[in-house]
Amino acid sequence: DSQQILNASVNARIILPLQNESYTLSNGVGHSVNLRLVPSGGSPHERTVRVFVPQQFNISLSDAPEKVGIADGEKQTVTFTVNNNGNGDDAMTITPELTENCVSAGWWADNESELSAVGPGIPTPAWVGVEAPENSTVSECTLTVTVDSGGETDSQTIEIEFVISVASLSFDPDGIEPREADAA
């Protein structure tokens with residue numbers, strides 16, 4: 001019958017939670033929202049709408065020590081926590097860098113590494129190793145660790161001071177009895 005409407009457009013506004021409260025799905029299928037349409041006097045129909053939440057990148061670093069002792073000629077590993085405060089999986093790049101005077105004195109830091117598919121809201125441990133040469137001419141070095149998010153702009157940096165820790169022993173000759181004893 002030409003007088004009957006056989007189709008109609010329905011406009012619906014889907015109000016999502018805040019982006020930092022709704023997760024983006026990395027599989028590309030989006031979130032399913034089922035709509036149940038019940039026309040007056042007719043049978044109900046269901047339709048599915050896919051809603052795609054844009055990913056927001058946001059990371060933070062915590063639990064990093066400010067100062068670490070390192071033995072002469074040894075390697076020391078420090079750990080810290082990378083927090084994915086965004087709303088989807090994130091791949092992060094960790095780049096350690098020592099100051100130039102330390103590198104020229106023979107200090108060494110781990111190469112760049114990657115944390116892949118860190119889920120939102122999941123604190124993830126990360127670590128970096130630093131090695132001091134034997135008899136180094138530099139006794140303190142600053143390590144700058146930069147963590148870059150998979151997003152284009154989010155980057156966080158921490159600084160950790162490494163100090164050569166060597167025991168220093170000395171004799172107090174006045175404390176040796178009898179005083180005529182050979183202190184050496």
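**Figure 1. Strand β6 and its partner β8 in the predicted model.** The two strands run antiparallel and are joined by 4 bridges. Asp-90 of the pair stands opposite Val-118 in β8. Strand β6 spans residues 90-98, and β8 spans 113-118. Side chains alternate along β6. Asp-90, Met-92, Ile-94, Pro-96 and Leu-98 point to one face and are buried.

**Figure 2. Strand β6 and its partner β10.** Pairing here is antiparallel, over 6 bridges. Thr-95 has Thr-146 of β10 as its bridge partner. Strand β10 covers residues 140-148.

**Figure 3. The open sheet of 5 strands.** The strand order is β4-β11-β10-β6-β8, and the pairing is mixed. Strands β4 and β8 form the edges, and each pairs on one side only. Neighbouring strands are turned by 25 degrees against each other on average, direction ignored. Strands of a sheet pair through backbone hydrogen bonds, either parallel or antiparallel. In this sheet, β4 and β11 pair in the parallel sense, whereas β6 runs antiparallel to β8 and pairs in the antiparallel sense with β10.

**Figure 4. The parallel pair β4 and β11.** These strands are linked over 4 bridges. Strand β4 comprises residues 67-70, and β11 comprises residues 155-164. Ile-70 stands opposite Ile-164 in β11.

**Figure 5. Ala-71 in the loop between β4 and β5.** Is Ala-71 buried or partly exposed? Ala-71 is partly exposed, with a relative accessible area of 35%. Leaving aside neighbours within four places in sequence, Ala-71 is in contact with Ala-132 and Ser-165. The C-alpha atoms of Ala-71 and Glu-131 are separated by 8.9 Å. Along the chain, Ala-71 and Glu-131 are 60 residues apart.

**Figure 6. The open sheet of 4 strands.** What is the strand order? The order is β3-β5-β9-β7, with antiparallel pairing. Strands β3 and β7 (108-109) stand at the edges. Each has a single partner strand, so one side of each is left without a neighbour in the sheet. Strands β5 and β9 pair over 9 bridges. Phe-80 stands opposite Ala-126 in β9.

**Figure 7. Thr-81 in strand β5.** Strand β5 runs over residues 75-84. Thr-81 is buried, with a relative accessible area of 14%. The cut-off for buried is under 20%, so Thr-81 qualifies. The side chain of Thr-81 makes a polar contact with the side chain of Asp-63, at 2.9 Å. Not counting residues up to four places away in sequence, Thr-81 touches Ser-60, Leu-61, Ser-62, Asp-63, Pro-123 and Thr-124.

**Figure 8. The disulfide between Cys-102 and Cys-141.** How many disulfides does a search of the whole structure find? The search finds 1 disulfide. The S to S distance is 1.9 Å. The angle about the S-S bond is -115 degrees, and the link is left-handed. Cys-102 lies in helix α1 (residues 100-104) and Cys-141 in strand β10, so the pair ties together parts that are 39 residues apart in sequence. Cys-102 and Cys-141 are both buried.

**Figure 9. The largest nonpolar core.** This core holds 28 residues. Which of them touch the most other members? They are Phe-80, Trp-107, Val-147 and Phe-162. Strands β3, β4, β5, β6, β8, β9, β10 and β11 each supply at least two residues of the core. In soluble globular proteins, nonpolar side chains tend to be buried together.

**Figure 10. The chain as a whole.** The chain contains 1 helix and 11 strands. Read along the sequence, the pattern is β-β-β-β-β-β-α-β-β-β-β-β. Of the 184 residues, 29% count as buried. Among contacts between residues at least 6 apart in sequence, 62% join residues at least 24 apart.

Key
Residues are numbered from 1 along each chain as its sequence is written. This is a predicted model: local features need pLDDT of at least 70, side-chain atom pairs count only at pLDDT 80 or more; totals for chains, interfaces and linings use all residues. Side-chain values use heavy atoms; hydrogens and water are left out. A disulfide is a pair of cysteine sulfur atoms within 2.5 Å. Buried means under 20% relative accessible area, exposed over 50%, partly exposed in between (1.4 Å probe, protein chains only). A polar contact is a pair of N or O atoms within 3.5 Å; within protein, one must be able to donate a hydrogen and the other to accept it, and residues adjacent in sequence count only if both atoms are side-chain atoms. Contact means heavy atoms within 4.5 Å. A nonpolar core is a set of buried Ala, Val, Leu, Ile, Met, Phe, Trp, Tyr and Cys residues joined through side-chain atoms within 4.5 Å. Two strands pair if DSSP finds at least two bridges between them. Axes are lines fitted to C-alpha atoms, for helices over the stretch in contact, and angles run from 0 to 180 degrees between N-to-C directions.
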